[in-house]
Amino acid sequence: MVPDAEFRSYYDRPIIKPPVWKVPDVPTYLYLGGVAGVSSATAALADATGRPVLRRVGRLAAAFGATVSVGALVHDLGRPTRFLHMLRVFNPTSPLSVGSWILAPFGALAGATAASELTGIAPGLARLAGAGAGALGPALTTYTAVLLADTAVPAWHEAYRELPFVFAGSALASGGGVGMLAGDEAGPARAIAVAGAAVELAATSVLERRIGLAARAYRTGRAGAVLRAARAATVAGAVGAVLSAKPGRHTRLLSVVSAALLNAGSAATRYGVFEAGMASARDPEYTVVPQRERLAARAQGVAVDPSS
Amino acid sequence: MTNRLSGPLPDPSADAGYPADHPERVGFFTDTSICIGCKACEVACKEWNALPSEEAGVPGDLTGMSYDNTGGLGASTWRHVAFVEQTVPARKSPQVDLGMPAATLPGAGPDGSGDATEVRWLMSSDVCKHCTHAACLDVCPTGALIRSEHGTVVVQNDICNGCGYCIPACPYGVIDQRPGDGGAFKCTMCQDRLGAGLMPACATACPTESIQFGPLDELRARAAERVDALHLAGVTDARLYGHDPNDGVGGDGAFFLLLDEPEVYGLPPDPVVTTRDLPSMWRHAGAAAVAVAGVVAAAFLGARR
């Protein structure tokens, strides 16, 4: 790290503008989008393999997650009445445009599927709609990482290779956790949750080792505290999920507690990543020092990783 | 695809789809070595564009940042004059020898050496850079941000829904959301004046021609001459910023002559348009999505009934 003495700024003011995205709107969306995406895929496969309880849990979670997500996104807009402008164009260089075009059909399909699940009307169409939502689900869980990374925010942009896997793991852990509420049919969901927790922990650890100075934003301050709590909850939830696989007197209770821990961990991970970005945007050091190092390396003729 | 996202791009307007007879690309060359900090540009910009006062902060509040009580560019501040007071070793100014007895600064040796110091006052009028590869425009989901026929970047206020994506996308921290309104706002390079054949208000008001407006190619040539002249005159600190089409944003439509490192003025030393890495971001997100699908499928395949 470059000593502070060599780091200069304009009255310590941030160089980039911190995002105006609000808490809890955006972290909630990141978390629920993950739950909904994995739940829809789980529901579709539960449907195909004859697991009606797991199907029902997944379909309802997908519709709930999508509905609240849309609400949070609209609420976060500076001009909420113009939310339909999101579908005015399709702009492939805007992750928010791409995401809107994923979320809109996902929400419609997941909503229709859940409506059929609750009313029993048109189960055949629901199977088709559910398959459609399930196919879109995985994209819904990871495009949000691009949404954050495609900014000048150092802690997000520098992590663009790792964030999609952090979010993928976080989504699997939380979506799998919700599926663990399916009682006797919870087996696949439990496996999803445990695998997701492992992916989330591994990807977060890789992220913090690879992204240079920006990693400090993930380790310190509010973001650091939230992410440490997230890790603890995820580990505890994963251990509980493994233990709940064994038949026993308290299996159901353990499943519920583990599911809650996994979801708390996932939500905290999203919030922690969000806060790390905000902290790195507010402090000009995160912008200036790596750019200075890049310039110095280029001046010395050292090959610089073109994507860092 | 690569050149659409980063690297040199001779004609951004043509790239955006304007016909070949579109007007030439125009820009600003802000020569901070002759800025006197009068803030005429700030005032003219506010007046012409009918910008409200910044809602944040109490009117009349002093920042303690030299003469800068504006702070930075924002939704309602499209020109911002930065003031930096630096204490530097006293230098003997290059001057004409009139053969008269001359006074030296207290503490200065006969040749200007010694421990005497003086204040160097840097002033610089900041503005939207109108990047060749503009991240704000790239990430806008509604199409509110557009490339104009003049090669500039403009927000269409009637389209913007206030999603705020452009704000953290900008590597310079230029564009911002206006509280109470919700929309994103920034410099338009006086799009209305350009259409009427006029210069932008700031450049018109600038009394020292620190802010020069014109065809970008001409400005770049003029800036290269100016920095050479300053170097010859002994101002070795002079350097251009944002003029290079090979930089991280493909060159700025508004570039600068600075007398110190960019970060001293609140500018990023090596800005890069974030969408340069977007193809790789989508590849990583795609791989992660496939992994999600794979984990879910494997969980069902591996499950015993």
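## Domains of chain B

Domain bounds here come from an automatic or database domain assignment, and chain B is divided in this way into domain 1 (2-91 + 107-272) and domain 2 (274-305). This is a predicted model, in which local features need pLDDT of at least 70 and side-chain atom pairs count only at pLDDT 80 or more, while totals for chains, interfaces and linings use all residues. Residues are numbered from 1 along each chain as its sequence is written, and chains are lettered from A in the order in which they are written.

The centres of domain 1 of chain B and domain 2 of chain B, taken over C-alpha atoms, are 41 Å apart. Seven residues from domain 1 of chain B and four residues from domain 2 of chain B take part in the contact between them, where contact requires C-beta atoms, placed from the backbone, to lie within 7 Å.

Val292(B) touches several residues of chain A, including Val38(A), Pro138(A) and Leu172(A), not counting residues up to four places away in sequence.

## Where chain B meets chain A

The contact takes 67 residues from chain A and 56 residues from chain B. On the side of chain B that touches chain A, the largest share, 16 residues, comes from α9(B).

Notes:
Contact = placed C-beta atoms within 7 Å. Helix = DSSP H or I, 4+ residues; strand = E, 2+ residues; numbered from the N terminus.
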